[in-house]
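Work through the following exercises with the sequence and the model side by side, and try each task before reading its solution.

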Amino acid sequence: MADPIIRVNDVSMRFNLAQEKTETLKEYTVKLLKHQLFFNEFYALKNISFDVHKGESVALIGRNGSGKSTMLKVVAGVMYPTTGSVTVNGSIAPLIELGAGFDMDLTARENIFLNGAVMGHDRAFMQEHFDSIIDFAELRDFVDVPVKNFSSGMIARLGFSIATEVKADILICDEVLAVGDIMFQEKCKRRMADMLSGGTTLLFVSHSTDQVRELCTRSIWIDHGNKRADGPTAEVLPEYVAAMERGEA
């Protein structure tokens, strides 16, 4: 079998939470310098391992706060694990916080070229794809309007359109199909389905069991930072739903 396109090896992610409240940055700094600031250790992920092979569509499922989004950010390289390692063999289109990289004072047109530069594309490349990006986002009438005047849905549509215009090896998605109205959500799902049929690998987080069932053949259940199950969606998803109904997840 070919090497995995994503390898997560014994990954843990620890956060330090301050035990006492500090009112100001000055107070926090003084306590830190005097070693009077104490922390509780919180593990968002605990010794998680899994491989994803090219062309797989894998969902991370679990309750809010279970560690799913943290795992996506670690795979995307947004965060570095406390222990363990992640190896990615391919280009990534991260759809985690749509519009997070926008300069709100710039127009949609300017942000397209800015985001393209961040992703490593030159101006000529983005110019070639410009019309397609704007048309998919349905923002032709707002192309020269500062993004700060956009609704959250318009920002998310532009972010999704930019991130998925150029085919990546790996698509990492966190609740992105909740953007826009129902018609736009359906258009997003069709684009993702086209990417998957073309061999793109999907790592997907959603609280919609219907979306998980529709898009992902495999599911990894994360519960309080631990990997609780990993297998075909048709087996893992019902197990997760049943545990939720029993109050055990």
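A salt bridge is counted where a side-chain nitrogen of Lys or Arg lies within 4 Å of a carboxyl oxygen of Asp or Glu. This is a predicted model, in which local features need pLDDT of at least 70 and side-chain atom pairs count only at pLDDT 80 or more, while totals for chains, interfaces and linings use all residues. Residues are numbered from 1 along each chain as its sequence is written, and side-chain values use heavy atoms, with hydrogens and water left out.

**Exercise 1.** Find the salt bridge that K189 makes with E214, and state which helices it links.

*Solution.* Begin with the side chains of K189 and E214, which meet at 3.6 Å, N to O.

**Exercise 2.** Describe the salt bridge between R218 and D230, and decide whether each partner is buried or partly exposed.

*Solution.* The two side chains, R218 and D230, come to 2.9 Å, N to O. Because R218 lies in strand β8 (residues 218-223) and D230 in strand β9 (residues 226-232), the pair ties together parts that are twelve residues apart in sequence. R218 counts as buried, because its relative accessibility is 12%, whereas D230, at 33%, is partly exposed.

**Exercise 3.** Follow helix α4 along its residues, and determine where it bends and what its buried residues pack against.

*Solution.* Helix α4 covers residues 123-137, and its 15 residues reach 19 Å from the first C-alpha to the last, close to the 21 Å expected, a span defined as 1.5 Å times one less than the number of residues. The bend, of about 50°, falls at H129; it is the angle between axes fitted to the seven residues ending there and the seven starting there. H129 is also one of the buried residues of α4, which include M126 and F130. These buried residues pack against α3 (108-118), α5 (152-165) and α6 (182-197), with contact meaning heavy atoms within 4.5 Å. After α4 comes E138, whose phi is positive, near 60°.

Notes
Helix = DSSP H or I, 4+ residues; strand = E, 2+ residues; numbered from the N terminus. Buried < 20%, exposed > 50% of the residue type's maximum accessible area, 1.4 Å probe, protein only.
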